[in-house]
Amino acid sequence: MLKAFLEAELPLALFWLVLGLFAGLVFSLELLGVEGSMTLLNMERARSLHISLMLYGFVPLMLSLLPFALFEQDGVLGNRALKHLKRYFAVWNIFLLFMTFALLFGNLRGLPFYDFPYQLNFLLAFSGVFYLLALIDALRSYEHRPLWVNVSLAVVVIAPILLIVLMNPQYGQVEHTLIGPHGDNTLGMSFALIPLYYLLIKLSAREAFVPRGHILWMIPLGGYLLSLIIRNFFHTLSYNEEWFFQYLTFLYVPLLWIWWRDAKLSFKSDTYLFLSIAAFIFVDIEGNLLFFPQIRELIHRNDLVIGHAHIAMGIGIAFMALAIMQRILPSLFTKVYAIGWTLLVSLMAGTLTVAGLIEAGWIEGDAQLLWGARSLFGLMLILMIGHMALKDLSIRERTLLGWYHLVGFLSDFGGGILLILLGALLFPVLGFGFSGTYEYVVFAFMIGTGLVHWFGLRADAMNMASVSAVIRLTVSAAFGALYMASVLDEIALIVALYDAVYAMIYILWLKERA
């Protein structure tokens with residue numbers, strides 16, 4: 001049941017992942033001197049889109065399936081819960097669409113991790129309503145709710161409220177921790193992962209798993225709450241106070257070891273989860289070492305810290321999501337991809353770490369060369385994920401109509417994405433005018449037409465082909481008229497001819513053969 005749901009939602013989730021990685025690749029190339037100021041993906045926007053899609057795209061969507069994987073394991077997941085879950089995914093994807101366009105068009109807040117407009121947080125909170133309804137529907141099948149269910153329910157109820165409060169531009173904590181060590185913020189973010197690790201270990205456990213060592217998470221939680229009280233009601237935390245709260249994260253290391261051992265997990269069968277926990281422990285230790293004032297003063301604003309973040313997000317948190325995928329779609333999310341992903345992200349982080357040491361003056365070397373290596377490893381990661389996606393999403397029926405939809409999807413959806421990102425650069429090079437206004441509406445419409453072909457690839461090929469043909473002929477007529485009235489230049493003629501020819505291929509030949 002959950003497998004079918006994931007197979008339907010996975011293509012769009014992988015698209016957000018690839019787009020986020022592509023934005024990171026563009027940013028890395030711009031650091032090397034590639035000119036991107038004439039495109040929507042200039043350096044500032046590319047960095048913001050990369051970070052935002054990594055934090056809010058594929059990873060959180062897949063992580064949100066965790067309770068439902070446990071529900072299915074317990075035999076209480078029903079179709080009604082999945083309907084609510086589909087609505088949750090739909091609203092979250094709408095948020096990602098609005099967020100992407102907001103960032104591409106320069107609507108930035110100047111925050112390191114939450115750069116999209118604050119108002120979009122309400123869309124996230126709205127999606128949480130459907131997630132809560134899905135949880136409640138599944139809970140009805142339990143006579144006595146187990147501990148993990150109560151943990152999940154508490155997190156889902158509290159999360160939307162915290163989202164609106166902490167992200168608020170006037171009084172949210174995010175706005176108040178932009179400078180300084182913010183060790184208490186690190187403690188809070190680390191603690192948020194502990195319930196997820198608990199649920200992941202329970203999902204993967206070979207036998208009934210009963211967690212121990214609760215004092216090891218209670219102390220950090222108490223420390224985080226105390227830090228919030230001090231910061232918001234008394235005074236700004238001193239460096240030593242921040243340091244103290246930061247070091248409470250060390251208690252998570254023995255906690256995770258105890259849980260892993262009690263659940264009888266292994267690297268062979270739980271590869272993604274093992275690598276996630278290993279990355280978490282590595283980042284925990286490294287992060288605390290970077291907190292020494294003498295070290296932090298040299299490296300906090302250079303690439304060493306960026307490498308640290310790549311390990312934390314690119315392996316630690318991402319592999320939490322992939323550990324769920326491994327349980328649901330083991331044939332797709334194999335150990336080979338886990339090792340390849342870990343190697344490439346580790347190489348990216350390693351090159352950035354060495355670049356950071358060069359920037360800090362600790363060693364001599366060419367940071368530009370290391371940035372180039374980072375870009376190469378990033379490209380290899382995108383290609384690997386693309387190969388993973390194509391392995392699962394390949395067209396099963398090689399019919400003429402299937403090829404018609406595939407070419408239409410690639411040309412319109414792919415072309416629309418390319419033109420939105422690079423149209424301002426490509427149009428003048430090709431000799432066409434570019435006003436930077438209505439063209440983006442046209443590009444968005446191209447993406448929509450491409451998505452019609454996508455649905456034709458997945459199901460109902462005939463009806464989707466008919467819909468696409470009607471859309472193309474309407475667009476062709478409008479652009480043809482605008483060209484003949486001398487309102488638009490030759491690009492309108494090209495669009496009119498292409499859409500008319502492509503639509504007539506279906507109407508005059510393929511429709512009769514299908």
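**Helical architecture and side-chain pairing in the predicted model**

The chain has 20 helices and zero strands (DSSP runs numbered from the N terminus, with at least four residues of H or I for a helix and at least two of E for a strand). The model is predicted, so local features need pLDDT of at least 70 and side-chain atom pairs pLDDT 80 or more, while totals for chains, interfaces and linings use all residues. Residues are numbered from 1 along each chain as its sequence is written, and side-chain values use heavy atoms, without hydrogens or water.

Mean pLDDT (the predictor's confidence in each residue, from 0 to 100) is 82 for the chain, and 86% of the residues score at least 70. Helix α19 has the highest confidence, at 92. Helix α13 (residues 293-299) has the lowest, at a mean of 62. Over residues 173-184 pLDDT stays under 50. The model has 42 contacts beyond four places in sequence for this stretch (contact: heavy atoms within 4.5 Å). Where pLDDT is low, the predicted coordinates should not be read in detail.

Of the 514 residues, 52% count as buried (buried, under 20% relative accessible area; exposed, over 50%; partly exposed, in between; 1.4 Å probe, protein chains only). Among contacts with a separation of 6 or more, 78% join residues 24 or more positions apart. The accessible surface comes to about 23,900 Å², and carbon and sulfur atoms hold 70% of that area (Shrake-Rupley method, 1.4 Å probe; for residues, only the protein chains shown count as cover). In helix α4 (residues 66-74), the buried residues are L66, P67, F68, A69, L70 and F71. G75 follows α4 and has a positive phi, near 75°.

The structure holds 36 aromatic pairs (rings of Phe, Tyr and Trp, the last by its six-membered ring, with centres within 6.5 Å; stacked under 30 degrees between planes, edge-to-face over 60, tilted for the rest). F209 and W259 pair edge-to-face, at 6.4 Å centre to centre and 80° between the planes. F209 lies in the loop between α8 (183-204) and α9 (215-233) and W259 in helix α11 (residues 252-263), so the pair ties together parts 50 residues apart in sequence. Both F209 and W259 are buried. F427 and F432 are also edge-to-face, with centres 6.1 Å apart and planes at 65°.

Six salt bridges are counted (a side-chain nitrogen of Lys or Arg within 4 Å of a carboxyl oxygen of Asp or Glu). R80 and D137 meet at 3.4 Å, N to O. This pair links helix α5 (residues 79-104) to helix α6 (residues 121-139), across 57 residues. R80 is exposed, at 53% relative accessibility, whereas D137 is buried, at 13%. R80, D137 and R140 are linked in a salt-bridge network. D262 and R212 meet at 2.8 Å, N to O. D262 lies in α11 and R212 in the loop between α8 and α9, so this pair too ties together parts 50 residues apart. D270 and R327 form a salt bridge at 3.8 Å, N to O. D270 is buried, with a relative accessible area of 2%, while R327 is partly exposed, at 37%.
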